[in-house]
Amino acid sequence: METDLIWMTLLVFVPSVFALGLLLFPRKWEDAMCWWSLLGTAVTLGISIAIFINYKSGVVDRQGPNNTRADRVAMSLDARTAAMDEAAQEGSSAQFKQNDWVARYPWIARFNIDYFLGIDGISLPLVLLTTLLSFLAMLASFHIKRYDKGDRFVRGYCMLFLLLETGMLGTFVALDFFLFYIFWEVMLLPMYFLIGIWGGPRREYAAIKFFLYTLLGSVFILIALLAFYFSNMRDFVSDKVVAARANRLVETEGDRLPGQQPQEKLAAAKEVVRVNTFDLIVLARAGRAALQYLGNDRNVDAVTVAPAVEEAKAKVAALKEANAAADDISRAEKELAALKAGLNSRLESEWFFTPAFQLTMFLFLLIGFAIKVPVFPFHTWLPDAHVEAPTPISMILAGVLLKLGGYGIIRIAYPICPWAAEYLAAWVAAFGVFNIVYGAFAAMAQTDFKKLVAYSSVSHMGYVILGIAVWNSAANSDAWSWGMNGAMYQMIGHGITSAGMFFLVGVIYDRAHHRNLDNFRGLFEPMPLYGGVSAIIFFAAMGLPGMCGFIGEVMVVFSAWKFAPGGHQWIGITFAILAALTVVLTAAYILWTLQRVFMGTNPAYKNYPDITVWELCCAIPLVILAVVLGVFPPLVLNWMEPSVTHLVDTLVSFRM
Amino acid sequence: MTITLNHYLLLGAILFVCGAVCMATKRNAIGVLMGVELVLNAATVNFVAFAHYNPSFEIEGQIFAMFVIVMAAAEAAIALAIVLNFYNNHATVDIDTAEELKG
Amino acid sequence: MPDFFARPGLLFVLATILPLVSFLLILLASGAWCLARKYRETLGEGPYRFFGGDKPGKLPAYVALAAIFLAFVCCATGFVLYYLDHHKYLHDVEHAEHQIEELEHQLHETEDEATKKQLETNLNDYKKGIPSREREWQRLRKEKWQGTLFTLASIRPSALVDKERGTKLEIGYYIDSLATVMFVMVTFIATLIHLFSIGYMSEEEEEIVEDHYVHGEDGGHYKRRGRFGRFFMYLSLFCFSMLNLILADNLFQVFVSWELVGVCSFLLIGFYFERQSASNAANKAFITNRVGDAGFILGLLIVFGYIGTFNFEGIFTQLRAPIRDAHNSVKTSPVAGRIVRGEVLPLPEEEGGGPGFRFDEKGSQVLLFGRRPHVDVEDVLPTEADGSPRFLTDHGEPQTLTNNPGPADKSTMPYWMLVAAGLGIFLGCVGKSAQFPLQVWLPDAMEGPTPVSALIHAATMVAAGVYLVGRCYPMFTPDVLLVIAYTGAITLFVAASIAIVMTDIKKVLAYSTVSQLGYMMLALGVGGWVAGLFHLVTHAFFKALLFLGSGSVIYGCHHEQDMSKMGGLYPKMKITALTMLAGVLAIAGIPLFSGWYSKDSILAHAIGFAYVHPQHILLFLLPLFTAGITTFYMFRMWFLTFTGEPRDEHVYEHAHESPWTMTTPLILLAICSIAIAWGWPVWDAKSSWLEHKLHTAQHHAVKADFGHVASHHETWPAEAAKPLRFNERHWAHELHDHAGFLALFMVAIGIVFAVLTYYSRVLDPAEAKEQFPGVHAFLVNKWYFDHLYSVCLVRPAIIVARAFRSFDLNCIDGLIHAVSRGTVQLARGNGRFDNGFIDWLVNLTANVTYSVGARLRAVQTGFLRSYVLFLVLAAIGCFVVLSYFVAMATAG
Amino acid sequence: MILQAVLFYILAILTAVSAVAVVVTQNIVRAATWLLFALAGTAGIFFHLGADFIGATQLLIYVGGTLVLVVFGVMLTAQGPFVNLRISAAEWAISLAVGLLLYGVLAVSLLQVDPPLITTPVEDSRPAPGMPGRSLAGSKHLGAAMLGDRHTTPDATLSAGGVVGDQKRTKMHYLLPFEIVSVHLLVVLIGAAYLARAKRKRGVTP
């Protein structure tokens with residue numbers, strides 16, 4: 001049994017199953033539906049934790065005990081997938097690794113679409129974040145109401161919510177681009193309805209804005225997806241796959257192939273066969289080849305990721321090592337040369353390996369994901385959507401959905417189009433920095449509490465972009481590694497703090513029924529617990545040391561310092577200084593908010609009830625995480641960092 | 001003066017046409033039913049005749065004839081039941097009163 | 001249970017953690033208390049009252065006090081242990097030095113060859129003994145007094161780079177003499193202030209507290225619940241953060257604590273958050289500090305980017321040339337312990353090419369040491385056969401080194417970057433220590449409760465900036481030190497000038513704090529490391545005393561802070577008045593009071609510096625002049641408060657002495673303020689015990705810059721061998737007494753003026769005010785700094801923020817709306833096309849179909865008989881058609 | 001041969017004339033009587049074709065069963081006005097025309113059927129239709145065929161008792177369809193009984 005496949009499938013589809021289960025409830029049992037959905041999210045949370053424990057023991061501790069480079073390679077998705085495919089090719093299901101946390105199952109074989117799931121240090125933290133926030137958001141959803149109708153319509157809400165969770169989790173674990181895209185779109189619709197039905201007064205406007213913006217991004221991603229699919233990945237899959245395809249070609253189109261003998265026909269078929277795939281691992285390999293090829297003046301010798309060529313190289317080396325006969329060596333060398341020539345011709349002719357293609361597709365992917373992040377100037381859906389969405393949905397929106405953008409960039413845009421990523425690194429980083437500064441300033445000017453938090457999200461997600469973008473040379477790869485890790489950590493930290501902030505805004509909105517910052521004041525006296533919890537969460541968002549927001553920010557800013565695109569170190573230094581100076585702005589708007597909400601006196605709010613136990617149950621996990629992750633980041637970094645650093649390693653090591 | 005298959009077939013055709021015309025001209029529901037019986041009989045005649053003239057289908061022809069007869073019996077029973085029902089509802093057996101299907 | 005005997009440094013860790021435990025305990029308990037309020041209330045009035053209602057108990061105060069007192073006990077124990085360890089080493093070294101001197105003397109005297117040889121061997125043994133003892137001591141230190149607690153984040157290096165270990169963010173502890181002194185000082189004062197607070201904050205113990213500064217909705221005073229527990233919770237958190245700051249073994253940890261103390265300060269300044277002024281002040285304090293912190297982060301960035309570690313020792317060993325060589329014998333190099341500047345040049349071909357390093361005192365690059373494991377100091381600094389250095393910076397042609405330590409970009413860093421790093425970190429210190437130009441927050445911070453002002457805004461947190469400058473001293477270049485000196489000088493004068501006109505008793509003290517911190521910065525800047533930190537410690541005691549005294553006055557006068565309403569309080573509160581007088585005398589620098597020793601030391605260094613660099617004479621004149629001002633405004637404060645006629649009968653009537661919880665700390669602090677710096681002989685300003693203690697700390701904390709090493713090697717060329725600021729410190733020593741006399745003179749003038757003006761009333765301050773209205777307004781408005789910042793920074797920031805918001809609303813969203821409107825228009829046109837043409841076609845089809853159907857409807861007669869006919873006809877039709885096709889087929 | 005031809009023509013004319021009479025008779029009771037003759041004539045035709053069993057079945061089921069049922073129905077419903085329900089002459093004309101047309105088409109098609117099919121095989125040694133002894137497809141034979149036993153002599157079939165050699169049982173046997181038809185019939189009868197049951201609720205209506 002392939003237990004990991006089952007676990008991951010459960011993870012993704014358990015919420016959907018629970019959503020279907022909601023159909024069985026009588027209409028009146030609204031509380032029961034809520035409890036049922038809560039159970040669903042709790043089960044999913046449990047599954048994700050089980051997966052985490054297994055991943056930690058099965059992959060991290062077994063394959064990467066010392067976190068050396070070899071360990072990192074062994075525990076990378078790349079290596080684990082290769083081992084799995086190898087086992088599958090041999091056909092012995094007994095050897096199938098159960099605990100490697102990648103699983104492939106053919107889905108639409110005609111188009112080489114697989115049900116291909118996998119988990120590594122990049123996706124797992126976000127999966128955990130998603131399941132946790134879904135659970136908490138569901139907890140916060142018990143009193144959900146439609147804004148003007150006043151009815152609850154719980155069944156629809158819970159079903160959409162659970163469906164949304166399936167979409168989010170699927171996106172994080174899918175390793176097939178097509179599958180990824182499907183889950184990506186699956187998320188879109190529930191979110192649209194959740195905002196559009198349960199939202200505030202301008203919900204339709206916000207929902208449509210959200211939908212259109214995101215759909216625009218999806219279109220860009222779709223174009224890139226198709227462009228990748230129609231590129232020939234023949235050189236970047238294993239030889240056995242190529243042989244299988246060639247055989248099929250001989251069977252179907254044998255007449256049109258040159259040659260008389262079956263052998264000749266097979267050889268000819270191998271030359272012309274095309275392999276189209278949505279496999280992100282293979283596409284990433286091709287992307288690396290493009291990086292090596294384009295980055296070294298179109299020199300085929302620089303490409304080190306084509307399996308067939310690498311095998312031949314290894315063979316030659318082994319023969320030379322063993323002092324084999326000169327004939328054997330020369331024959332092997334000839335084979336190698338032939339393979340290289342074939343590869344070269346394909347590299348030259350294939351559109352995928354042109355700068356134009358790489359740049360275009362990178363931009364498409366970047367825009368597609370940047371809209372989700374969101375990056376200036378694609379960010380204006382965010383304040384509206386956040387303001388109008390009901391509190392739990394705001395939590396999900398800020399806590400998870402924004403992370404999908406960052407995840408997409410890390411998982412898809414950078415590995416598949418690394419050449420363009422390096423080429424445009426300075427611009428991407430500039431957008432990141434601009435996001436930081438712009439978001440902070442814009443937040444300062446807001447009077448709507450939720451809008452302020454939304455803009456602070458824009459600012460904080462800028463650190464993510466900056467951390468991802470600070471491509472560095474091999475010699476300084478650890479600087480970039482800090483950046484990538486910082487970006488990941490910032491995503492987690494921001495997921496916790498922003499969800500917490502939106503939740504807290506929701507709590508006060510339930511009491512005051514408005515969000516105008518100028519009309520609050522003096523809430524600390526009637527609501528000391530609420531004030532304390534808020535202070536912690538807001539300070540965490542501010543990036544106070546000892547809180548989760550700080551670690552990510554600091555790591556990103558450190559890495560930005562060493563960013564030197566084209567050898568211009570001043571660019572990185574400028575970015576780092578700007579990012580560092582923004583802490584003043586961040587402090588200003590957060591403190592100003594705290595002052596306007598909690599300090600002073602306001603007789604109108606004198607008898608407000610403090611935060612209830614129920615609400616506290618929602619907030620306390622976030623508070624604890626905000627502090628624990630700030631005080632002891634190795635809790636996450638230990639198992640996240642190898643995967644992220646491996647990604648950086650593979651991308652920076654391209655120069656000959 | 002041999003009696004060939006055609007003779008039987010022509011007889012069957014006469015029966016068939018009579019049945020069809022009967023169905024078309026009777027206003028009485030039972031009359032229509034009679035037309036149906038005639039049509040079925042025509043078919044039976046043809047089956048038996050074919051069976052006779054083609055030895056390899058001798059048995060099949062007769063078997064089918066038998067089935068047709070049985071079917072006819074069943075049909076008659078049902079049809080009569082329907083007619084009675086119709087009569088109960090409309091107090092008439094004039095099928096022209098049953099024009100709910102009129103376009 | 002950690003082994004405190006093997007690793008006594010953990011005592012200090014324990015001391016740090018104790019307040020944290022207290023904080024968490026109070027936090028959880030008060031959280032639970034809040035949570036349970038609703039349920040307690042449901043129990044009904046009786047049980048609710050029985051369980052104490054909402055009255056905060058004294059328990060939190062006792063928990064916090066116990067924690068900080070235990071911490072003090074730990075620190076004191078650790079201090080003693082460290083002192084014993086260190087003292088043994090110092091004693092041995094001293095003994096050896098003494099022996100060496102004696103032997104050299106004998107060697108000089110004797111003529112006998114054999115004896116000479118014997119003496120020489122002995123001499124060499126002793127000379128070798130010093131380094132080996134030092135090595136032993138270093139080992140001991142590493143083992144017992146230093147360590148890493150845990151790693152926050154570590155990124156493994158890529159295998160592509162041959163580095164031994166990745167960069168790390170760590171939490172550790174690092175105990176040296178400076179840290180021990182600070183620990184003891186902080187925990188001692190904190191303990192006293194906790195005790196004082198139990199009395200001072202007793203109002204908060206009530207269930208309902210009236211805030212006299214805030215009006216409720218009914219026009220009366222605002223009523224709220226008491227916050228006794230919360231106050232001690234914040235205090236505990238602050239103590240933890242502050243101790244963690246001192247404990248830190250790396251800059252990153254310092255930064256973490258730096259922000260944490262900032263937050264505590266924010267919380268405590270905003271303790272009476274109902275008052276608008278308090279919440280404003282809290283925000284102002286935190287944001288101003290954040291400006292400094294931004295600079296701090298930049299400093300950290302540079303350190304991270306070029307040096308790659310935050311560990312103090314790591315940074316210093318990379319920046320400063322090693323004092324010892326690989327064999328751990330003391331280095332005979334003039335650059336030992338210095339920042340080495342030069343240029344990166346390509347090596348000549350015959351020497352292998354590649355980048356090389358050329359020494360140059362004005363070079364743009366700084367050499368980083370220890371980057372490669374095999375770089376021996378001797379490789380970097382080869383010596384000629386005669387022992388003279390091969391490179392000469394001042395006197396000869398700079399030479400290229402053959403054994404360069406590696407690729408240039410990795411083993412050097414730009415000099416200006418080092419300056420920037422120093423300035424950045426110093427900016428952090430400027431923020432925290434309220435130095436010019438970020439001094440504006442500290443006076444406003446007086447909105448907090450007075451014990452807070454005493455602890456955070458006088459004794460400890462604001463001194464952290466000075467402490468950090470002292471801690472990071474080895475990484476400051478002379479340029480940075482000059483900036484520090486001038487910052488301090490400007491600050492001390494500006495603040496003192498404002499203090500003259502303040503009438504709020506706490507604000508006077510706040511400005512005096514700023515001014516005194518300026519003194520410390522000045523001292524550090526001019527090379528008086530010991531003097532600066534010495535003053536830091538003495539100031540902590542007497543300023544805490546003054547603040548607590550003012551707290552006692554305020555408490556006694558029922559929260560009246562304005563001195564113009566006091567006067568003649570001496571008979572009513574004698575203990576307070578006398579202890580405060582001790583503080584005033586100490587801060588004024590009256591001989592035999594602790595302030596005298598430290599201030600004299602500072603002025604001596606300033607005069608030494610000014611003597612060597614006459615262009616910087618201001619660095620001496622300003623502090624000297626300000627010494628007089630200080631005396632004046634401190635006596636003014638004392639006279640206005642305690643002497644003369646009562647100016648406000650109401651206040652005077654109700655004034656009373658404070659309870660023992662408040663007076664005990666006052667007395668203890670007064671004793672400390674007087675005697676803490678005493679040494680033998682007491683009347684010698686240079687023989688302070690504390691200063692001596694800090695002197696021993698200097699050697700370790702400041703590395704070799706101040707020449708502990710150089711003193712043994714007179715064979716070096718005089719100039720090259722002189723450690724940094726040698727001349728200045730020499731003259732400081734020489735001119736110490738002159739400075740002392742000048743200072744005493746100024747102090748005397750200050751006292752005279754104060755007495756004439758505020759005691760004997762010979763001079764009328766109101767007249768002076770009338771004569772110089774401009775000056776007075778200028779000072780009362782604090783040199784218009786707040787206005788300046790408001791105009792230059794705050795308003796532009798708000799304008800930019802509004803601009804960005806409207807950009808979002810109008811430009812981006814406007815564009816989107818325009819696009820969507822266009823799309824809608826397009827869609828309308830499209831709709832018209834659809835309706836007009838395509839729908840027309842569709843309707844046409846439908847209509848035709850309908851009419852055909854309507855006609856065909858007639859066929860549907862509903863008569864069974866006609867259907868039969870149709871069937872028959874259809875059959876016929878089929879036959880005909882089929883036969884037609886069959887015919888065609890057969891014909892074809 | 002002649003006899004057979006004469007017999008055929010007699011039977012055929014009887015049948016045809018009765019069938020036409022069914023059509024043209026306006027009185028429903030009379031039409032039922034004519035139908036009786038037509039069905040009996042058909043039975044005669046079956047006997048003439050040597051299908052004794054089918055003929056017997058025809059007589060039993062149709063003449064004896066179905067027709068009785070029909071008559072029964074007529075009796076139940078034949079109240080005054082319904083006995084003679086007339087239609088217009090035009091309808092008559094149309095029906096007649098269509099019927100004749102159909103007959104023409106059928107006749108033309110029938111006459112074009114391939115000659116070899118409609119001639120009796122030459123080598124057939126069996127007696128001509130209608131002759132005694134040519135009862136190969138008699139009831140026994142038919143019964144045997146039900147069990148899948150075919151092309152055997154009646155005696156052999158009987159002696160074998162339905163248990164004959166395997167090689168002969170390769171063709172399909174019809175027992176199962178027969179049973180299915182039987183059950184079908186049963187179901188239909190029950191259904192008919194249900195449909196025709198008296199509506200007690202509406203007992204008011206006559």
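This is a predicted model: local features need pLDDT of at least 70, side-chain atom pairs count only at pLDDT 80 or more; totals for chains, interfaces and linings use all residues.
**Four chains, a few close-ups**

Reader: What pattern does chain B follow along the sequence?

Author: Read in order, chain B goes α-α-α. Helices are DSSP runs of H or I with at least four residues, strands are runs of E with at least two, and both are numbered from the N terminus.

Reader: What is the radius of gyration of chain B?

Author: Chain B has 17 Å, while a compact globule of 103 residues would have a value near 13 Å. The radius is taken over C-alpha atoms, and the globule rule is 2.2 Å times the number of residues to the power 0.38. The C-alpha trace of chain B spans about 50 × 25 × 25 Å along its principal axes.

Reader: How much of chain B is buried?

Author: 66% of the 103 residues of chain B count as buried. Buried means under 20% relative accessible area, exposed means over 50%, and partly exposed is in between (1.4 Å probe, protein chains only). The accessible surface of chain B is about 3,100 Å², and 71% of that belongs to carbon and sulfur atoms. Such areas come from the Shrake-Rupley method with a 1.4 Å probe; for residues, only the protein chains shown count as cover.

Reader: Now chain D. What is it made of?

Author: Chain D has 9 helices and 0 strands. Of its 206 residues, 37% count as buried. Chain D exposes about 11,700 Å², with 73% supplied by carbon and sulfur atoms.

Reader: And chain C? How many helices and strands?

Author: Chain C has 31 helices and 8 strands. 55% of its 892 residues count as buried. Among contacts in chain C between residues at least 6 apart in sequence, 77% join residues at least 24 apart. Contact means heavy atoms within 4.5 Å.

Reader: Switching to chain A. At what angle do helix 7 and helix 14 of chain A cross?

Author: The axes of helix 7 (residues 177-198) and helix 14 (residues 355-372) of chain A cross at roughly 35° and come within 14 Å. Axes are lines fitted to C-alpha atoms, for helices over the stretch in contact, and angles run from 0 to 180 degrees between N-to-C directions.

Reader: Is the crossing of helix 7 and helix 14 of chain A left-handed or right-handed?

Author: The crossing of helix 7 and helix 14 of chain A is left-handed. That term applies if the near helix is turned anticlockwise from the far one by less than a right angle; clockwise is right-handed.

Reader: Which residues meet there?

Author: Helix 7 of chain A brings A:Phe177, A:Phe180, A:Trp184 and A:Met187. Helix 14 of chain A brings A:Leu365, A:Gly368, A:Phe369 and A:Lys372. The residues of this contact divide into 6 nonpolar, 1 polar and 1 charged. Ala, Val, Leu, Ile, Met, Phe, Trp, Tyr, Cys and Pro count as nonpolar, Asp, Glu, Lys and Arg as charged, and the others, Gly among them, as polar.

Reader: Where is A:Pro374?

Author: A:Pro374 is in the loop between helix 14 and helix 15 (381-388) of chain A. A cis peptide bond joins A:Val373 and A:Pro374, with omega about -5°. A:Pro377 is in the loop between helix 14 and helix 15 of chain A, and a cis peptide bond joins A:Phe376 and A:Pro377, with omega about 0°.

Reader: Which phi does A:Trp101 have?

Author: A:Trp101 has a positive phi of about 55°, although it is not a glycine. A:Trp101 lies in the loop between helix 4 (77-90) and strand 1 (102-108) of chain A.

Reader: Is A:Trp101 buried or exposed?

Author: A:Trp101 counts as buried, because its relative accessibility is 1%. A:Asp297 has a positive phi of about 55° and is not a glycine, but A:Asp297 counts as exposed at 70% relative accessibility.

Reader: Last one. What is A:Arg411 in contact with?

Author: Leaving aside neighbours within four places in sequence, A:Arg411 is in contact with residues including A:Leu77, A:Asp120 and A:Leu280. A:Arg411 is in helix 16 (residues 391-416) of chain A. A:Arg411 is buried, with a relative accessible area of 10%.

Methods. Residues are numbered from 1 along each chain as its sequence is written. Chains are lettered from A and ligands numbered from 1 in the order in which they are written. Side-chain values use heavy atoms; hydrogens and water are left out.
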